[in-house]
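Please keep the picture open and find each element as it comes up.

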Amino acid sequence: MKARRWTWLLVLPFVATLLPPLYARHGPQLFGFPFFYWYQLLWIVLAAAIVWLVYLMTRSVES
Amino acid sequence: MNSASVILVVLVLAVTALGFLAARWGGANLRSFDEWALGGRRFGTIVTWFLLGGDLYTAYTFIAVPALVYGAGAIAFFAVPYTTIAYPLVFLIMARFWKVAKRRGYATTADFVHDRFGSRPLELAVAFTGVLATMPYIALQLIGMQAVLERSGIAPTHGSAIAMLVAAFILLAAYTYTSGLRAPALIAFVKDTLIYVTVIVAIVVIPSALGGWGHVFEAAQRVLASRPKPSAIIIAPAQYLPYATLAFGSALALFIYPHSVTSVLSAKSADVIRRNCALLPLYSILLMFLALLGYCALAAGIVVNNNNAAIPALFVRFFPNWFAGVAFAAVVIGALVPAAIMAIGAANLFASNILQTFRSRAERPPIETTTARTIALLVLAGALCIAILIRPEFAIDFQLLGGAWILQIFPSVILALYTRWFHPTALLAGWACGMAAATWMQVSTTYSNVFPLHIGNTTMSAYVAFYALLVNVAVTVALTAILDLLKTGRGTDFTAAEDYA
């Protein structure tokens with residue numbers, strides 16, 4: 001049952017992307033992209049990585 | 001005929017052939033309803049990746065999201081957090097739904113609702129909402145197609161664009177009829193490849209021609225700020241709540257649309273769905289860059305009467321003629337794939353839930369595949385009529401309203417996966433109040449999807465669907481408490497705890 005706790009990691013993408021005051025800013029820029037854009041782009045990748053991690057950790061429990 | 005038109009026609013005919021050949025894929029017996037409607041629930045990780053990608057990221061998305069960026073600036077980027085949080089939700093919820101659906105043989109959300117609550121009215125409400133939300137969605141795919149046909153030079157007049165639309169649709173209807181879900185599954189490989197190639201070339205070629213991304217953002221900011229109704233490339237504090245609720249509400253609605261459910265149920269295991277939740281975000285990166293093309297159109301000084309023409313105009317400006325043909329083919333084929341899946345999803349609801357007796361699922365006769373096939377044809381014909389007869393703005397308003405409507409089945413379908421605490425009569429009343437609230441808010445703001453709620457001196461603007469869902473849940477909870485106090489009887493739950501494990 002301990003591995004089930006990994007599922008809680010899925011909360012992170014919600015907190016990171018559903019609070020616009022965290023990222024609705026111009027700077028710091030990266031490759032000409034304002035922070036608003038590269039932060040959200042980064043979170044697409046981070047959320048996918050988190051889902052994959054949770055998948056690996058919870059899969060072992062069930063099989 | 002220019003080279004763009006030739007390439008467009010050749011690619012569309014090629015996928016039509018694929019659509020018919022799909023009937024032979026995997027030696028299926030297409031007279032069986034499950035084989036026609038859900039590909040026999042046998043698709044693995046890769047097929048599902050292309051199918052769900054081809055299904056969720058529609059041609060309309062690819063035209064409308066950059067068009068909204070072009071027209072309204074940063075607020076349009078809510079599509080990015082929307083598709084970021086949708087996958088953790090699908091990971092948790094749809095894997096569970098897949099299990100119970102596989103165990104009990106469901107083809108639709110309404111099948112589950114009927115089994116879970118033993119309530120025919122609730123089943124009908126869920127099924128009708130699905131069909132109602134899907135029709136304008138199919139129509140919008142056609143409107144996206146039409147925007148491209150008129151811009152590509154292949155259809156010089158409005159009349160010829162309509163004629164081509166009808167021709168493409170007859171072909172689509174024919175292979176959907178014969179091959180079922182296998183047709184869009186196979187064509188999705190072509191569609192997604194063309195879309196990736198187009199977007200990768202676009203983001204390599206266009207920003208560098210415009211002096212780099214830094215310059216694109218600066219130029220876009222200047223144009224947006226100088227408009228009569230100014231906007232910006234960063235959302236303002238007043239837009240925080242609309243931005244977050246649009247993302248959250250859209251993510252909740254995304255996977256209860258009949259076409260998403262159809263694709264999810266065609267997977268061969270719950271793990272196929274879970275794995276895809278980590279792999280599908282590649283399409284979200286694509287969506288982000290596509291949206292940024294809206295800024296490229298602003299920076300390139302493209303001026304169009306209709307925002308939907310901004311991206312086709314950008315392609316015509318920066319691509320050689322033959323590659324513009326590839327890009328246009330990507331959009332047209334990108335419309336055919338979801339249109340086919342949506343027609344099948346709506347047909348499944350009609351055949352499994354609407355055209356049924358009041359008997360329980362176990363006592364119902366098996367579904368005639370011919371019935372489902374015929375309904376898919378009628379659904380496509382209906383959507384074609386909407387696209388041709390109604391002004392495009394109405395179809396867009398109707399689709400926005402559909403997004404708010406579909407979210408109203410969330411408590412009956414998704415919350416019910418976890419609890420049976422809600423009373424079916426209360427769910428039905430909550431649904432009705434949510435539908436009415438969504439419609440009223442949308443109409444009273446002349447079809448804005450953001451509703452300004454005045455509480456005392458403050459105004460809180462948020463996504464219509466989100467507010468309507470709050471109304472829905474409040475009514476459902478209150479009425480459940482009252483009905484339970486009155487000891488009002490409930491229907492039978494035909495599912496068992498182990499069906500969900």
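1. A residue is called buried here if 20 or more other C-beta atoms lie within 10 Å of its own. By that rule 27% of the 63 residues of chain A count as buried, and it should be kept in mind throughout that this is a predicted model.

2. Chain A has 2 helices and 0 strands, and its C-alpha atoms fill a box of roughly 45 × 20 × 10 Å along the principal axes. Its radius of gyration is 15 Å, whereas a compact globule of 63 residues would have one near 11 Å. Of the contacts in chain A between residues at least 6 apart in sequence, 61% join residues at least 24 apart.

3. Turning to the largest nonpolar core, which has 216 residues, the members that touch the most others are B:Cys296, B:Val332, B:Ile333 and B:Ala343. Helix 16 of chain B, residues 321-354, gives this core its largest share, 22 residues. If neighbours within four places in sequence are left aside, B:Ile333 is in contact with B:Leu11, B:Val12, B:Val15, B:Ile187, B:Val190, B:Lys191 and B:Leu194.

4. How do helix 9 and helix 16 of chain B cross? Their axes come within 8 Å and cross at roughly 145 degrees, and the crossing is left-handed. Among the residues of helix 9 that meet helix 16 are B:Ile187, B:Val190, B:Lys191 and B:Leu194, while the residues on the helix 16 side include B:Ile333.

5. Helix 3 of chain B, residues 45-56, is largely enclosed by the rest of the structure, because 10 of its 12 residues are buried. The buried ones include B:Trp49, B:Phe50 and B:Asp55, and the buried residues pack against helix 9, helix 11, helix 12, helix 13, helix 14 and helix 16 of chain B.

6. The length check can be repeated on helix 21 of chain B, residues 464-485, whose 22 residues should span 32 Å at 1.5 Å a residue, in agreement with end C-alpha atoms that are 32 Å apart. Its buried residues include B:Val464, B:Phe466, B:Tyr467 and B:Asn472, and the partners against which the buried residues pack include helix 11, helix 18, strand 1 and strand 2 of chain B. After helix 21 of chain B comes B:Lys487, whose phi is positive, near 55 degrees.

Technical notes: Residues numbered from 1 in each chain as written. Chains lettered and ligands numbered in written order. Predicted model: local features only at pLDDT ≥ 70, side-chain atom pairs only at ≥ 80, totals over all residues. Helix = DSSP H or I, 4+ residues; strand = E, 2+ residues; numbered from the N terminus. Expected span 1.5 Å × (residues − 1). Contact = placed C-beta atoms within 7 Å. Rg over C-alpha atoms; globule rule 2.2 N^0.38 Å. Core = buried A, V, L, I, M, F, W, Y, C linked by C-beta atoms within 7 Å. Axes fitted to C-alpha atoms, helices over the stretch in contact; angles between N-to-C directions. Left-handed = near helix turned anticlockwise from the far one by under 90°.
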